[in-house]
Amino acid sequence: MGRCSYDKLKNIEPALDQIRKLNNIKEPKPGIFYIKNQSFLHFHEKDGKIWADIKIGTSWDDSIIIPEKITKKFLNNFSKTVLDEYVKSGGQIKVELTSRKYSASR
């Protein structure tokens, strides 16, 4: 099984863009992601099928099949799964809060 060429991942680019924004994510080659220096996410292709492998801690989780027809629902579910696994693997979500001034009415 070989790694999937990046041009075949263009249809999931919105999800990949979200992954790139995660704290401590590195992408040494397009479509191959690391958390700090640990392999985290990459894609394979065989017999016209594409799937993602996600690593949780020291073990690789079940593969996620990338369908030929990408829907918004798939992109949302894929992004959520990757985010969940990112947190399980020690990734931290950076949340920026904005302060607001409230006035009390009397």
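**Figure 1. Burial across the predicted chain.** Of the 106 residues in the chain, 34% are buried (under 20% relative accessible area with a 1.4 Å probe, protein chains only). The model is predicted, and local features need pLDDT of at least 70, side-chain atom pairs count only at pLDDT 80 or more, and totals for chains, interfaces and linings use all residues. Residues are numbered from 1 along each chain as its sequence is written, and side-chain values use heavy atoms, with hydrogens and water left out.

**Figure 2. Order of the elements.** Two helices and seven strands make up the elements of the chain (DSSP runs, H or I of at least four residues for helices and E of at least two for strands, numbered from the N terminus). From the N terminus on, they follow the order β-α-β-β-β-β-β-β-α.

**Figure 3. The buried side of helix α1.** In α1 (residues 13-20), the buried residues are Glu 13, Ala 15, Leu 16 and Ile 19. Because they cover an arc of only 155° around the axis, they lie on the same side of α1, the arc being that of the directions from the helix axis to the C-beta atoms. These buried residues pack against β2 (25-29), β3 (32-35), β4 (38-46) and α2 (72-88), where contact means heavy atoms within 4.5 Å.

**Figure 4. The largest nonpolar core.** This core has 25 residues, of which Ile 12, Leu 41, Phe 43, Ile 66 and Phe 78 touch the most other members; a nonpolar core is a set of buried Ala, Val, Leu, Ile, Met, Phe, Trp, Tyr and Cys residues joined through side-chain atoms within 4.5 Å. Its largest share, five residues, comes from α2.

Notes. Buried < 20%, exposed > 50% of the residue type's maximum accessible area, 1.4 Å probe, protein only.
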